[in-house]
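Morning, everyone. Let me put the model up, and then we'll go through two parts of it.

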Amino acid sequence: MTAQAQTIGIAGAGAWGTALANAAAIAGNDVVLWMRSPEHAAALAQPRATDRCLPGVRLHARTRPTAALADLASAHAVLLVTPAQTTREMAAALGVVLPAATPLVLCAKGIERDSRAFLCDVVETVRPGAPIGVLSGPSFADDVARGLPTAVTLACRDAALAEALATALSGPTLRVYHRTDLRGVEIGGAAKNVLAIACGAVAGKGLGESAKAALIARGFAELLRFARAYGGEAETLMGLSGLGDLVLTCSSAHSRNFAFGQRLGQGMSVTDAAGGKLVEGAATASALVALAKAKNVDMPIAEAVEQVLSGAWSLDQAVDALMNRPVKSEH
Ligand SMILES: NC(=O)c1ccc[n+]([C@@H]2O[C@H](COP(=O)([O-])OP(=O)(O)OC[C@H]3O[C@@H](n4cnc5c(N)ncnc54)[C@H](O)[C@@H]3O)[C@@H](O)[C@H]2O)c1
Ligand SMILES: O=P(O)(O)OC[C@H](O)CO
């Protein structure tokens, strides 16, 4: 890829896929935006149509909606923006239509629940040898779609490809940094969602701002330990895709993960608290905790979230368990 105008393919037209499509178009690219529903694609192709995931937002003139996956075949790179648990099936379907050299950039934040596999590893199994990227960082789709200034990180093992993709996607309101630490970037996005559920629960239960700050700091320590154990670089976790995204998601009820935790804290059941929305941290918690245990990584906050989600603990039991751990050195 070069810095010249590119065709960027986007697979998945939910809130984030649509926001990224417009950002890529504003950055000067032609964009093909794939969605499952032909009706949705036809509706979005109408002049002046607004998006159903991002009310009031119109597709940029350079973004072409389609329901035919094969339309992504000519893209210079494809961003995969469907939920984390659909990564395997989507990567396999894309593998049929994309040339082997087309980079696939993962934008979902999670770990595959059943296999406990990192999403990059899932894609590597399905599309061996094809270039992979991960795009992650503190970014609410609404903010990006409204043109509010946002910065994210894009990682590829190949530094030149990471830089080319970051250049192609960067525009006046979206700044994309690049790194080669694929693992660190994907871990930051996956783990912060689980920790944000805990912060939301603290807010919902009215446990105070001090408790929330403590959870963010101790959550970050967990994230760092986990990433180190799995080959992520500490520097990555201290950046946008780690600390940056943890702070955003743990501080705002605009986050679906935080809002889910908040509703749990207010006494709602696990089933009702999601409210039909995608809560990636709930889908990823058990895999994150299992992976942590496999490497003896201490992640008490993530574990407490997992215990509450599985019904093993009440929220009060989770708070007790966290507060009554043996006194230890901070690091
Ligand atoms: N919304 C944000 O602010 C934001 C920001 C950064 C990252 N993300 C990440 O992006 C991913 C997608 O989030 P979103 O906000 O766009 O979610 P969303 O619920 O708004 O959209 C998900 C999209 O995926 C489609 N989809 C669902 N199952 C599918 C399947 N089996 N096959 C094909 N398509 C399928 C849905 O039709 C929908 O269009 C998540 O992993 C999320 O963590 C979201
Ligand atoms: O709404 P959430 O909790 O899925 O968070 C959205 C983004 O990941 C924030 O960076």
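Two strands pair if DSSP finds at least two bridges between them. Helices (H or I, at least four residues) and strands (E, at least two) are DSSP runs, numbered from the N terminus. This is a predicted model, where local features need pLDDT of at least 70, side-chain atom pairs count only at pLDDT 80 or more, and totals for chains, interfaces and linings use all residues. Residues are numbered from 1 along each chain as its sequence is written, with chains lettered from A and ligands numbered from 1 in the order in which they are written.

Start with strand β4, residues 77-80. Strand β1, residues 7-11, pairs with β4 in the parallel sense, over four bridges. Ile-10 has Leu-79 of β4 as its bridge partner. Strand β5, residues 104-106, also runs parallel to β4, joined by three bridges. There, Leu-80 stands opposite Leu-106. Helix α3, residues 87-97, carries the chain from β4 across to β5.

Now the helices. The axes of α14, residues 300-309, and α15, residues 315-323, come within 9 Å and cross at roughly 160°. Axes are lines fitted to C-alpha atoms, for helices over the stretch in contact, and angles run from 0 to 180 degrees between N-to-C directions. So α14 is roughly antiparallel to α15; under 35 degrees counts as roughly parallel, over 145 as roughly antiparallel, 65 to 115 as roughly perpendicular and the rest as oblique.

Definitions and conventions. A residue is buried if 20 or more other C-beta atoms lie within 10 Å of its own, exposed if 12 or fewer, and partly exposed in between; C-beta atoms are placed from the backbone. A crossover is right-handed if, with the strands pointing away from the viewer, the path from the first strand over the helix to the second runs clockwise.
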